[in-house]
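User: I have a model open and want to go through it with you. Can we start with the overall picture?

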Amino acid sequence: MSHIAITVIGHDRPGIIAETTSTLAELGVNLEDSTMTRLRGHFAMMLLCTGEVSAARVEDALAGLTADGTLQVSAREVAVEDPAVASARPYILTVHGGDRLGIVAALTRAVAGAGGNITDLTTRLSGELYVVAAEVDLPAGADEAVLTAELARIGRDLEVDVSFRPQETDVL
Amino acid sequence: MSLSAVSGWSETDLGVDGRVLEVVRAPAPVLSTPSAKVDPTDARVVQLAADLVATMRVSPGCVGLAASQVGIAQHVFCVDVVGHPKIRTTHGTFVLCNARVVEASRREKGREGCMSVPDLTGDVKRATRLAVVGQLPGSEEEVMVETDAFEARALQHEIDHCEGFLFLDRVAGAHAIYPRKTYM
């Protein structure tokens, strides 16, 4: 059984998902976790799949998507990872302000320096406004107050607003 | 403390005509600045209250506007959620100065937009039962607004503006910010 990471990205049009997943089904490749979204008009798919075929065979089968030159496709075999979530305290990091180079780099470096693991991150550029929203797992030993102060300091330096707070978990 | 003063209030009580002001957009620094407390009997504050209501009235879909959104870092906002499908309790049109939340409970997630962030919306958890104390423009008397549902959300959104926060500071997760699909 191969574990295969597939990416498809390029000009958005109706039918990209249908064509990609139909090809995978014909190969007997099962679509497990995925995210598919529009990013500034491009359509981007990241798929984790399993099947009894090689990644090269999958990439060949998906080559039809790239025929008109508007989509790029890759398929690579990846190691098996444990999808179970490690015990950690979840936080939300949000940032907004004027767009400039290095906002995500500076803030995520601080998170990594504190041992925090970013599990999800999205950015949006809307006119002059740049927005970041990230979900961060902090290990039990991490000092939340020190990281919060460091993120605030970086926010002041970059002239962006930074909020770092515990994520509320919805449990029925 | 008056409970009925807010429901009976309308902008005609201000005695001045409101002017339509330009709404500023993020990342304008004034939107990230905590607003100064005001003297609600100051004629300039009364004029600002009228201007906020006038600007809200001409802005399609606008259910509230804070002074910081017209570039003035003063602790004043207007609200009018009448006619919105998600309301339960409503107090009509009102303006509050120096408002603060005194009770908040039953937090629920809901979608918010903002005239100062016109192209994005976001999911934000807010209290759906709320008590706010503030002053009506032209009066030093404190009034309490006890409300729920959509009016409670609007009040918290506007008080956040007065404290220098946008809904973007409160979004519920990495996938809780969306490109706006509907413009009114």
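Analyst: In chain B, 49% of the 184 residues are buried (20 or more other C-beta atoms within 10 Å of a residue's own; exposed is 12 or fewer, partly exposed in between, with C-beta atoms placed from the backbone). This is a predicted model, where local features need pLDDT of at least 70, side-chain atom pairs count only at pLDDT 80 or more, and totals for chains, interfaces and linings use all residues. Residues are numbered from 1 along each chain as its sequence is written, while chains are lettered from A and ligands numbered from 1 in the order in which they are written.

User: What is the secondary structure of chain B?

Analyst: Chain B has 2 helices and 6 strands, in the sequence order α-β-β-β-β-β-α-β. Helices (H or I, at least four residues) and strands (E, at least two) are DSSP runs, numbered from the N terminus.

User: OK, over to chain A. Which residues of helix 3 are buried?

Analyst: Helix 3 of chain A, residues 103-113, buries A:Ile103, A:Leu107, A:Ala110 and A:Val111. They lie on the same side of the helix because they cover an arc of only 100° around the axis, taken from the directions from the helix axis to the C-beta atoms.

User: And which exposed residues are on the face turned away?

Analyst: That face carries A:Ala105, A:Ala112 and A:Gly113.

User: What do the buried ones pack against?

Analyst: In chain A, they pack against strands 5 (89-98), 6 (117-126), 7 (129-138) and 8 (160-166), and helix 4 (144-158). Contact is C-beta atoms, placed from the backbone, within 7 Å.

User: What follows helix 3 of chain A?

Analyst: A:Gly115, with a positive phi near 85°.

Conventions
Contact = placed C-beta atoms within 7 Å.
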